Amino acid sequence: MPDTPVPQSPALARVAKGDLCAGCGACAALAPGKVTMNVAAPGYLRPVQSAPLAAEQEAAIAAVCPGLTQSVAPQGRKDPVLWGPYVEMMTGHATDDAVRFAGASGGGLSAVLVHLIESGTVDAVVQTTASTDLPIGNMAVITMDRAAITAAAGSRYAPSAPLEGIMAQVAAHRENGKTYAFVGKPCDAVAMRSLCNRDPDVAATFPVILSFFCAGVPSHTGGKEVLAKLGTTLEETAKFRFRGNGWPGQATATAHDGSERSMSYHDSWGGVLSRHVQMRCKLCADGTGVAADIVCADAWESDVAGYPVFEEAPGISLIVTRTDLGAQLINAAKEAGHLTTEPFNVEDLTAIQPGQRERRRALMARLAGRRIVGKPTPRYEGLQLFAAARQNPILRNAKNFLGTLRRSLR
Ligand SMILES: Cc1cc2nc3c(=O)[nH]c(=O)nc-3n(C[C@H](O)[C@H](O)[C@H](O)COP(=O)(O)OP(=O)(O)OC[C@H]3O[C@@H](n4cnc5c(N)ncnc54)[C@H](O)[C@@H]3O)c2cc1C
Ligand code: SF4
Ligand code: SF4
């Protein structure tokens with residue numbers, strides 16, 4: 001007898017139709033046993049539905065999925081057009097040299113995590129590290145001490161679905177009261193914040209949300225292409241680091257015999273990985289973590305033309321506190337000696353984050369180019385897309401619109 005087709009979730013169908021999935025895993029958390037995250041060609045994490053969803057699961061996914069929706073309100077905070085609501089912005093780095101070295105930039109996020117654990121603010125952290133099965137892939141990990149946090153530091157330019165398993169921590173919290181900090185991409189933070197707003201148990205389990213600036217998630221095909229450029233293969237690779245161990249640090253493949261091959265950040269991200277990012281990332285209105293309490297990014301130096309330079313240097317993180325809680329935690333981490341900071345002028349951010357700047361300015365035209373041919377797009381509220389588009393000349397907006405329209409029709 002042929003299998004009866006599973007009635008598809010309208011929310012997940014809309015995401016699939018628009019290729020809007022960010023791969024966060026929230027839908028799998030909301031529909032356990034019915035939705036799972038699988039690797040789909042060309043190597044992104046995507047939900048697979050195997051059973052009909054209950055009405056409340058459907059409603060929850062439609063409300064939480066960052067492929068479908070994101071809203072933010074300034075609530076009295078400074079709210080610059082390109083960077084979203086924030087309380088304070090500064091630069092800084094971990095005071096522990098090992099954490100700073102391992103970190104993607106200055107180890108800012110890891111220093112805060114160490115503080116959260118060592119001060120007893122939370123019991124553990126849900127974060128992302130290299131997959132034990134796939135060196136160029138990722139897996140969620142629970143860390144509870146400085147050594148484990150340092151081992152998971154660094155940026156991993158590959159799919160991650162850190163929300164997929166979070167209901168296990170929520171269930172544990174109901175039993176034992178344990179709390180967790182959550183680290184994820186800005187879209188993960190959006191989904192986590194929505195879940196916290198909907199479900200007091202999730203909010204009680206995850207009192208702190210951390211994120212980082214994000215230009216996009218490349219597929220595993222991108223990771224394999226970096227290996228090929230390094231003259232090696234997945235089979236020959238035991239470990240892979242995308243960056244970190246210095247700032248920005250090298251993309252480094254370690255073979256089973258311990259030998260290493262490396263490539264600069266400029267060549268790996270700029271030359272390969274950035275060409276493999278998923279569609280949702282090209283339509284992302286928030287690569288800067290507006291839903292998180294604390295966000296870190298690269299506080300690159302800029303050259304005379306105002307563009308970021310990627311020369312190796314001791315790491316410096318840009319640190320953005322987006323909530324009062326985030327600001328309190330940064331002060332506490334400084335007082336406890338985990339973090340040191342310097343003032344930073346928000347006006348300087350436009351020059352050192354050209355990828356974020358240009359995507360935000362182009363977004364309204366891109367969304368219009370898709371909507372006009374009936375392609376689903378995420379619903380964004382409070383992200384000032386019109387004001388961002390006005391920072392571009394009309395001709396550039398027209399070019400972005402027509403380019404997206406042409407690609408959408410194809
Ligand atoms: C996909 C991606 C895109 C990025 N795009 C930008 C950008 O546009 N601009 C910019 O300034 N910086 C970008 N970064 C780098 C990011 O800014 C740095 O990670 C940030 O400066 C934090 O550095 P840190 O030293 O404070 O963090 P660390 O102390 O190194 O901590 C990094 C944290 O991020 C977590 N993490 C790493 N990779 C992932 C992942 N794939 N999914 C979920 N969690 C992860 C780790 O578990 C760790 O907790 C990107 C990173 C990634 C992974
Ligand atoms: S973006 Fe997240 S919640 Fe939405 S479909 Fe993809 S994995 Fe599921
Ligand atoms: S660019 Fe946006 S959608 Fe893509 S992974 Fe980063 S935060 Fe998520």
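This note comments on the domains and ligand surroundings of a predicted model.

1. Basis. Local features require pLDDT of at least 70 and side-chain atom pairs count only at pLDDT 80 or more, while totals for chains, interfaces and linings use all residues. Residues are numbered from 1 along each chain as its sequence is written, and chains are lettered from A and ligands numbered from 1 in the order in which they are written.

2. Domains. The chain comprises domain 1 (88–218 + 275–352) and domain 2 (356–410), with bounds from an automatic or database domain assignment. Their centres, taken over C-alpha atoms, are separated by 28 Å.

3. Domain contact. In domain 1, 10 residues are in contact with 11 residues of domain 2; contact requires C-beta atoms, placed from the backbone, within 7 Å. The side of domain 1 that touches domain 2 has five nonpolar, three polar and two charged residues. Here Ala, Val, Leu, Ile, Met, Phe, Trp, Tyr, Cys and Pro count as nonpolar, Asp, Glu, Lys and Arg as charged, and the others, Gly among them, as polar.

4. Ligand 1. Surrounding ligand 1 are 37 residues, the closest being Gly-103, Ala-104, Ser-110, Ala-215 and Ala-297 (near means a C-beta atom, placed from the backbone, within 6 Å). The shell has 14 nonpolar, 20 polar and three charged residues. Elements supplying at least two residues each include helix H5 (108–118) and strand S12 (294–298); helices (H or I, at least four residues) and strands (E, at least two) are DSSP runs, numbered from the N terminus.

5. Ligand 3. The residues around ligand 3 include Cys-187, Cys-214, Cys-281 and Cys-284. Helix H8 (186–198) and helix H12 (279–282) give two or more residues to this shell, which divides into seven nonpolar, two polar and two charged residues.

Methods. Two residues are in contact if their C-beta atoms, placed from the backbone, lie within 7 Å.
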